[in-house]
Amino acid sequence: MFYPKNISEKLGMDLVVSSTLDRCSTDAGREHVHKIKCSGDISLVGLWLEQTEEIRQILNKGELSISFYIDFDLCLKTAHIAGFFYEVETIQQIQDCLRALKRFVQFSEDRKTAYPRLAQLFEDLHIDWSLVDSIDKILEIDGEIKSSASLGLQKIITAIKRAERNIIKSSNLIFSQVKDKGMLADTELGIKNGRIVLPVLSEYKRKVTGVLIDQSGTGKISYIEPLELVGLNNELAELHIKKRQEIISILRKITAEIIIYLSEINRGLQKLAVYDFIRAKARLALDWDSHLPKLSNETSVFGAKHPLLQERLIKEQKDIVPLDYLFNYAQRLIVISGPNAGGKSVALKTIGLLQFMLQSGFLVPCKSESTFVIFDNIFVDMGDNQSIESDLSTYSSHLKAAKHIINFCNEQTMVLMDEIGTGTDPMFGGPMAEAILEEIHRKNAFGVITTHFSNIKTKADKLEGVSNAAMLFDLDKLIPLYKLQIGQPGSSFVYEVASNIGLNKTLIKRAKQLTNTKQYDLDALLAEVQSQKEKLRLEQQLINKKAEEAALMEKEYRLLKEDLEAQKNEIILQANKEARNAILNANKDIEKTIRLIQENKADKLKTKQARQDLQSKANSSNVLHQREDELKLNFEVGDLVQIRATNTSGEIVALQKDKATLQVGTITTKTSIKNLEKIGKSSTKKIKKYISNTSYSEKQGSFRIEKDIRGMRTFEALKEIDVWIDNAIILGVSTLRLLHGKGNGILKAEVRRHLKPNTAIHSITYERVDLGGEGISIIELK
């Protein structure tokens with residue numbers, strides 16, 4: 001049950017329906033939109049949502065792009081009458097629909113696992129697809145009957161061409177003769193009623209033998225069919241009659257083939273209409289960044305946005321504030337209080353519209369991890385329902401709505417009441433509102449109630465399963481923040497709002513003096529608590545962020561230190577090994593020299609030569625070590641270097657004797673100059689910046705070349721894009737795919753403007769039209 005009758009207009013669902021109609025391609029699809037109903041059947045709602053989600057995915061991936069026209073009459077009542085036949089235009093429309101149906105059936109069969117609901121929609125169509133080929137045999141692409149459609153038609157068309165040639169030949173001869181006599185008004189032959197005529201000046205019409213077919217408006221020109229052409233024209237007319245008769249015969253034959261499958265073709269057209277309807281909802285979901293939530297026994301919604309408000313704010317280049325809310329057995333009712341124009345009613349309508357959209361089969365603009373309960377009843381009381389015809393005042397109309405809600409609400413009901421108890425003396429309206437709240441609570445209904453009454457806020461604190469919530473207000477700037485904070489009541493900020501709109505300060509001061517002192521103190525205390533709580537929340541966010549950054553830096557520093565220590569040990573081992581080899585080689589050379597001297601029995605010349613060879617090897621080794629030492633020590637501040645045997649590179653920021661201080665990413669470290677070697681700028685591009693092995697693996701595993709920023713605030717999107725591109729450069733990715741949507745182009749333009757000066761980017765282009773076009777940017781990195 002859904003109350004009142006105009007609940008759709010109350011929640012703004014009529015505008016959602018209107019937006020859906022705009023995205024339909026056929027009138028038959030629009031008929032389904034007009035039949036949209038909200039349902040409490042969870043299995044039916046689940047089917048609607050799954051169908052829409054599948055087609056949303058198909059559209060988003062560009063997997064199936066088929067256009068079709070189904071708004072034509074199949075003449076179901078007359079098609080079986082003897083002698084009936086479809087005209088060429090209708091046959092061509094049937095052929096186009098058969099082609100579309102064939103593609104849908106083939107696609108749904110091929111992708112049955114990925115899109116089971118689409119496969120279910122197009123299953124059990126019993127049509128012989130060779131019918132498409134049969135129509136192809138008789139129809140040209142432009143819809144004309146092919147001359148080869150039948151042997152008889154082919155002969156007739158040949159005869160028509162021959163007759164036309166004879167007429168032209170004879171008419172040209174007659175035209176020349178009459179023209180030479182100066183009897184013609186025009187210089188060309190004319191055609192009247194499908195017959196070739198001569199434009200003869202009326203004063204000479206009796207001198208030309210033939211049949212008067214017509215005259216000009218002024219009567220100065222007579223159109224005469226020469227007697228010589230009458231027989232030829234009659235013959236041509238008869239041929240055209242025979243041609244039409246043969247075409248009708250062909251159309252009757254193909255119509256007979258179509259009628260065999262007419263009922264199935266009609267079912268196919270109905271399925272295409274349903275697809276067009278679901279596709280319109282999927283298009284709306286893409287435009288509004290809507291997702292498929294989970295259906296559960298608990299409502300837990302994150303990042304909810306009122307789609308109609310979001311559309312308006314985008315045009316005004318403003319950001320919408322997302323809404324988070326929760327309904328479960330521990331929190332069945334939420335009582336929202338706060339300033340006027342602070343967003344209470346918007347929050348109420350957002351919750352109501354998203355629930356109504358969901359139960360009508362629409363995907364909803366919130367995060368996909370959200371969950372929703374399907375309610376049997378949705379009862380709404382919002383707006384001014386006073387009526388002169390029904391003799392209802394504002395207050396009595398609210399009481400009438402409250403009566404219905406109390407009589408019929410239960411644990412399967414969502415109740416939405418805006419400004420409960422208003423429209424009468426607050427002294428009596430407040431207690432009445434409190435009694436209504438108690439009764440709704442007793443019947444275990446779920447829902448949201450907005451109020452300014454203090455007794456309602458107090459009652460909400462006392463009732464189990466009822467939570468107070470506040471719309472936040474910035475006391476420093478005196479502006480509403482439009483954020484819902486559950487857990488405490490909100491102040492109405494009466495005087496702050498009055499001051500913000502420029503009301504006379506003396507008047508505001510006098511109003512404060514007239515206010516009940518206790519009530520004013522309580523309201524001021526609520527405002528202060530709310531403000532302090534928001535400041536603490538922001539400060540805690542900042543502290544958490546800095547703590548995460550410090551933890552990451554400490555982790556990377558520790559891993560870098562461990563890596564350098566391992567490299568140090570490896571270098572020492574290598575040096576010891578090389579030293580042992582050098583000593584071993586030197587001993588071998590000495591032994592060889594001694595043996596040579598002994599063998600030559602101390603021959604002075606041979607001995608001298610052996611000593612010179614040994615000294616030469618020693619000198620070569622010394623020169624090599626000297627050059628290596630010079631290379632090692634020839635460093636300056638600002639040099640780009642790499643630590644030997646590693647991929648770690650950085651810039652020298654300080655030199656102290658045999659030590660160098662390096663800046664490696666965000667980390668500063670010291671190492672021996674002997675461990676360093678110079679690298680050029682081209683080499684640094686090939687060597688990744690230092691990231692710990694663990695961090696690098698994590699980034700590599702979580703990185704995606706495609707990023708979706710639709711629905712994000714501009715500054716958040718730009719911040720995420722910068723981090724994304726930095727990680728791509730670190731990981732060596734060259735091509736990125738950025739989904740920003742088309743919409744009004746604001747986000748797309750800001751992204752382009754932001755990325756233009758980035759020197760790491762080689763080019764930015766749009767995706768192919770069939771894969772998303774201007775809604776997707778392809779970023780090529782250098």
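Mentor: Let's start with a hairpin: strand 4 and strand 5 form one, with five residues between them, and Gly 219 in the turn has a positive phi of about 80°. Keep in mind that this is a predicted model.

Trainee: Okay. How many bridges join strand 4 to strand 5, and do the two run parallel or antiparallel?

Mentor: Five bridges join strand 4 (residues 210-215) to strand 5, and the two run antiparallel. For a landmark, find Asp 214, which stands opposite Tyr 223 in strand 5.

Trainee: What joins strand 3 to strand 5?

Mentor: Four bridges join strand 3 (residues 195-201) to strand 5, again in an antiparallel arrangement. Look for Leu 198 there: its bridge partner in strand 5 is Ile 224.

Trainee: How do I read burial along strand 5, then: which residues are buried on one side and which on the other?

Mentor: Buried means under 20% relative accessible area. Here Ile 221, Tyr 223 and Glu 225 are buried on one side, and Ser 222, Ile 224 and Pro 226 on the other, so both faces are covered. That makes six of the six residues of strand 5 (residues 221-226), so the strand is largely enclosed by the rest of the structure.

Trainee: On to the rings. How many aromatic pairs are there?

Mentor: With ring centres within 6.5 Å as the rule, the count comes to 13 aromatic pairs. Take Phe 2 and Phe 356: their ring centres are 5.9 Å apart and their planes at 80°, so this pair is edge-to-face. It links distant parts of the chain, with Phe 2 in strand 1 (residues 2-3) and Phe 356 in helix 12 (residues 344-359), 354 residues apart.

Trainee: Are Phe 2 and Phe 356 buried or partly exposed?

Mentor: Phe 2 is partly exposed, at 27% relative accessible area, while Phe 356 is buried, at 7%.

Trainee: And what about Phe 68 and Phe 104?

Mentor: Their ring centres are 6.1 Å apart and their planes at 70°, so that pair is edge-to-face. Phe 68 lies in the loop between helix 4 (42-61) and helix 5 (88-110), and Phe 104 in helix 5, so the pair ties together parts 36 residues apart in sequence. Phe 68 is buried at 11% relative accessible area, and Phe 104 is buried at 0%.

Trainee: Last one: where do Arg 332 and Arg 752 sit?

Mentor: Arg 332 lies over the face of Phe 446, 4.1 Å from the ring centre. The charged end of Arg 752 sits over the ring of Tyr 766, at 4.3 Å from its centre.

Conventions
Residues are numbered from 1 along each chain as its sequence is written. This is a predicted model: local features need pLDDT of at least 70, side-chain atom pairs count only at pLDDT 80 or more; totals for chains, interfaces and linings use all residues. Side-chain values use heavy atoms; hydrogens and water are left out. Buried means under 20% relative accessible area, exposed over 50%, partly exposed in between (1.4 Å probe, protein chains only). Two strands pair if DSSP finds at least two bridges between them. Rings of Phe, Tyr and Trp (its six-membered ring) pair if their centres lie within 6.5 Å; planes under 30 degrees apart count as stacked, over 60 as edge-to-face and the rest as tilted. A charge sits over a ring if NZ of Lys or CZ of Arg is within 6 Å of the ring centre and within 35 degrees of the ring normal.
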